[in-house]
Amino acid sequence: MNNMKILNVQSLNQVKRLDYFIRKVTDCEVIWGSYGESGWLLLSDKNGRKIVPFWPEKEFVNEYNVTHQYEYFPKKMDLYYFLDKWING
């Protein structure tokens, strides 16, 4: 994947980015997160709720980590494991 593709996807509106995410993840059956010594990257929204960001491709994780200067690395997770353990918990 090249930087132009990343920029093109980032420029999409929320609905189209979500559509891209769903199509890519279901096609590859893999979801990508940012992982480090303390585990998965954990962020908070403006209300203090915890968020674990996930991406459809490894390159998006790399770009996010570099942009935000996080010392994390891309880690993939099987889609079915994600759905079973993270969503259905």
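**Exercises on a predicted model**

**Exercise 1.** Classify Asn65 as buried or exposed from its relative accessibility, and describe its surroundings in this predicted model.

*Solution.*
1. The relative accessibility of Asn65 is 4%. Buried means under 20%, so Asn65 counts as buried.
2. In the chain, Asn65 belongs to helix H3, which covers residues 58-68.
3. Beyond its neighbours within four places in sequence, Asn65 is in contact with Ser34, Tyr70, Tyr72 and Phe73.
4. With Ser34, the side chain of Asn65 forms a polar contact of 2.7 Å.

**Exercise 2.** Determine how helix H1 is oriented to H3, and state which residues meet.

*Solution.*
1. Helix H1 spans residues 3-10, and its axis lies 11 Å from that of H3, at an angle of about 85 degrees.
2. Angles of 65 to 115 degrees count as roughly perpendicular; H1 is therefore roughly perpendicular to H3.
3. From H1, Ile6, Val9 and Gln10 meet Glu59, Phe60 and Glu63 of H3.
4. By class, this contact of H1 with H3 comprises three nonpolar, one polar and two charged residues.

**Exercise 3.** Carry out the corresponding analysis for H1 and helix H2 (residues 14-28).

*Solution.*
1. The axes of H1 and H2 are 9 Å apart, and the helices pack at an angle of about 125 degrees.
2. Roughly perpendicular covers 65 to 115 degrees and roughly antiparallel requires over 145; H1 is therefore oblique to H2.
3. Lys5, Val9 and Gln10 of H1 make the contact with Arg17, Tyr20 and Lys24 of H2.
4. The contact of H1 with H2 consists of two nonpolar, one polar and three charged residues.

Notes
Residues are numbered from 1 along each chain as its sequence is written. This is a predicted model: local features need pLDDT of at least 70, side-chain atom pairs count only at pLDDT 80 or more; totals for chains, interfaces and linings use all residues. Side-chain values use heavy atoms; hydrogens and water are left out. Helices (H or I, at least four residues) and strands (E, at least two) are DSSP runs, numbered from the N terminus. Buried means under 20% relative accessible area, exposed over 50%, partly exposed in between (1.4 Å probe, protein chains only). A polar contact is a pair of N or O atoms within 3.5 Å; within protein, one must be able to donate a hydrogen and the other to accept it, and residues adjacent in sequence count only if both atoms are side-chain atoms. Contact means heavy atoms within 4.5 Å. Axes are lines fitted to C-alpha atoms, for helices over the stretch in contact, and angles run from 0 to 180 degrees between N-to-C directions. Angles under 35 degrees count as roughly parallel, over 145 as roughly antiparallel, 65 to 115 as roughly perpendicular and the rest as oblique. Ala, Val, Leu, Ile, Met, Phe, Trp, Tyr, Cys and Pro count as nonpolar, Asp, Glu, Lys and Arg as charged, and the others, Gly among them, as polar.
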